[in-house]
Amino acid sequence: MRIEEKGHVERVKARQAAAKAAAKREPLFDRIFKPETISISNGNTVDRPRSRTPLILAIFLAVVWIAIQATGFSLATIIERGSELGTILGQVLTPNWEFIPQRVIGPLVETVQMSIVGTLAGCIVGLPVAILASSNINHNKPTLLFFRFILSIIRSIPTLIYALILALIFSLGAFAGTVAIALFTLGIVAKMLYESIETIDMGPFEAMQSFGATTFEAFWSACMPQIMPIYLDSCLYCFELNVRASAILGYVGAGGLGVLISERTGLRRYHDVGAIVISLFLVVWIIDLISDYLRSKLQ
Amino acid sequence: MEDSLNMNPGQNILEALAAEPKNLWKRILIFAVVLAIAAWGATSVDFNGITQSGAKIAGSVINGIMHPNTELLFNLTTDGVPFLVLQTIAIAILGTIFGALLAIPISFLSATNIVPRPVAMIFRAIVLFIRTIPSLMWALIWIRVTGPGAFCGVVTQSICSIGMVSKMYVTAIENLDTGILESLDAAGCNTFEKIRVGVLPQLLASFISTAIYRFDINLKDATTLGIVGAGGIGSPLVQSISSAKYHNVGAFLWALIILVVIIEWLSTKIRTRLAHGRQ
């Protein structure tokens with residue numbers, strides 16, 4: 001009798017603990033807004049959690065309201081002065097064709113040159129950095145974390161800010177822009193690369209090491225063939241991005257087309273801006289075609 | 001002795017190596033082409049050496065990053081870092097929301113399974129036009145309409161977001177499973193019900209995922225739009241760079257780095273959850 005009673009108490013305690021644990025597992029939302037209980041015709045009951053839509057909607061509206069307050073958004077201004085935008089876009093859409101051979105070609109070529117050199121430099125530095133930042137090759141935790149930390153800092157600063165600071169250090173011109181592009185490329189290529197290096201098959205590497213190859217030999221012949229296509233693919237992707245990005249770097253004085261953009265928008269010559277846009281579009285399109293062709297060769 | 005050499009298990013590996021195509025010349029050629037392109041590129045990128053004050057500026061920037069202006073970091077007025085970070089996030093949030101909403105009608109109108117092909121082509125051309133103009137240039141154009149300030153950043157991003165977002169929306173719309181709509185038709189649903197249970201569930205997850213991805217991009221973009229005067233943390237950063245207040249530059253850069261790292265981490269987390277469900 002006594003033993004039985006004790007067993008009963010323990011069982012009740014266990015059940016209470018289980019119920020408590022179950023309640024804890026439930027999300028906070030379900031503990032505040034208790035689920036609706038539905039009885040089915042056979043006598044069983046089912047819990048239906050309350051809809052989260054009203055809560056999400058309320059949070060969403062609150063965030064939008066705060067954002068509107070912080071930015072001073074006013075629809076009235078757009079309606080009032082929207083016609084101004086129409087006038088400008090109308091001028092952009094009727095480009096001044098003579099402006100292209102006169103002024104655009106030179107800076108455009110410089111922009112492409114800047115992105116070629118910047119991309120190459122960034123990609124060459126990016127390969128060893130990516131290898132050092134992948135956890136399956138570099139087993140030294142402190143250096144691994146160090147390289148990843150540096151990479152995420154490099155990636156988080158926008159290219160224009162780099163260009164702005166570098167233009168002060170290296171004097172105005174294409175060199176500052178090129179270094180800015182190289183830094184940006186390094187950040188992206190190395191990140192894309194170390195993420196894919198971590199997924200490669202390490203079997204051949206171990207097999208070669210067991211044959212007596214040194215770490216470098218094994219890496220060169222077992223891992224490089226796996227890494228190379230991904231590496232070249234990310235380099236091409238970066239090159240495409242960089243042509244677009246380097247076109248505006250000149251706005252802060254770092255060479256290329258941006259100098260012209262800054263000058264022409266400052267003078268409100270939107271027909272000339274249209275000519276710049278058209279020629280930039282053509283160059284980006286041609287480079288996309290070339291890089292698509294090279295990419296198809298990679299596979 | 002001869003025999004035992006032939007029995008060497010390494011033999012087949014050597015044979016396989018010998019059978020591999022020899023493309024040394026091809027490699028040399030590719031290398032030469034790349035080198036030639038690089039040399040051509042380098043003709044306009046000439047290194048003029050560091051300017052006289054350049055080394056000093058570099059030193060001050062690094063010193064500024066090491067010793068950021070802490071007073072600015074915790075200053076709660078509209079000039080302080082917390083408000084500027086909030087404003088940058090607000091620009092990106094509003095820009096993404098308006099852009100994502102504007103992209104919905106445009107992407108339905110450029111999906112070939114919804115409208116006739118010529119109509120789709122017209123709207124695709126409009127989207128292409130929007131994408132071609134760099135965001136900084138959009139900001140320079142919008143600033144004539146709205147005047148400088150965060151408001152300019154919001155409208156710029158609303159327009160710029162349309163390009164990429166609608167491209168991804170169109171892919172989602174063209175992959176719609178129309179079999180579901182037919183079976184709902186057969187069950188006697190009206191148009192509204194068909195959209196509610198047949199279309200929305202198929203599109204919502206990918207629409208939200210796209211918008212979050214774009215928010216990630218917009219936030220980084222919002223930091224640079226300030227350079228042309230479109231609000232956010234970029235404007236005071238540029239001002240302090242040009243007025244050589246490098247301790248302030250350090251404070252703004254740290255805020256920027258922390259902000260971007262946190263947002264990148266959050267957006268990856270949310271998108272994995274949308275793609276694979278709750279873990």
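Axes are lines fitted to C-alpha atoms, for helices over the stretch in contact, and angles run from 0 to 180 degrees between N-to-C directions. Helices (H or I, at least four residues) and strands (E, at least two) are DSSP runs, numbered from the N terminus. The model is predicted: local features need pLDDT of at least 70, side-chain atom pairs count only at pLDDT 80 or more, and totals for chains, interfaces and linings use all residues. Residues are numbered from 1 along each chain as its sequence is written, while chains are lettered from A and ligands numbered from 1 in the order in which they are written.

The predictor assigns the complex an ipTM of 0.78 and a pTM of 0.79. Within chain B, helix α6 (residues 81-109) has the highest confidence, at 91, and helix α1 (residues 2-6) the lowest, at a mean of 48.

Chain B is split into domain 1 (2-42) and domain 2 (60-276), with bounds that come from an automatic or database domain assignment. Between the C-alpha centres of domain 1 and domain 2 of chain B the distance is 47 Å.

Between the chains, 49 residues of chain A contact 51 residues of chain B. On the chain A side, 33 of these residues are nonpolar, 12 polar and 4 charged. Ala, Val, Leu, Ile, Met, Phe, Trp, Tyr, Cys and Pro count as nonpolar, Asp, Glu, Lys and Arg as charged, and the others, Gly among them, as polar.

In chain A, helix α5 (residues 99-132) packs against helix α10 (residues 215-249) at an angle of about 145°, with the axes 9 Å apart. The crossing of α5(A) and α10(A) is right-handed, the near helix being turned clockwise from the far one by less than a right angle. Residues in this contact include Thr111(A), Met114(A) and Gly118(A) of α5(A), and Tyr231(A), Phe239(A) and Asn242(A) of α10(A). The α5(A)-α10(A) contact comprises 10 nonpolar, 6 polar and no charged residues.

Helix α5(A) also packs with helix α11 (residues 257-266) of chain A, at about 140° and with the axes 7 Å apart. The two are therefore oblique; angles under 35 degrees count as roughly parallel, over 145 as roughly antiparallel, 65 to 115 as roughly perpendicular and the rest as oblique. Among the contacting residues are Arg103(A) and Pro107(A) of α5(A) and Leu257(A) of α11(A). By class, 6 are nonpolar, 1 is polar and 1 is charged.

In chain B, the axes of helix α4 (residues 54-66) and helix α13 (residues 246-276) come within 7 Å and cross at roughly 55°. Helices α4(B) and α13(B) are therefore oblique to each other.

Notes
Two residues are in contact if their C-beta atoms, placed from the backbone, lie within 7 Å. pLDDT is the predictor's confidence in each residue, from 0 to 100.
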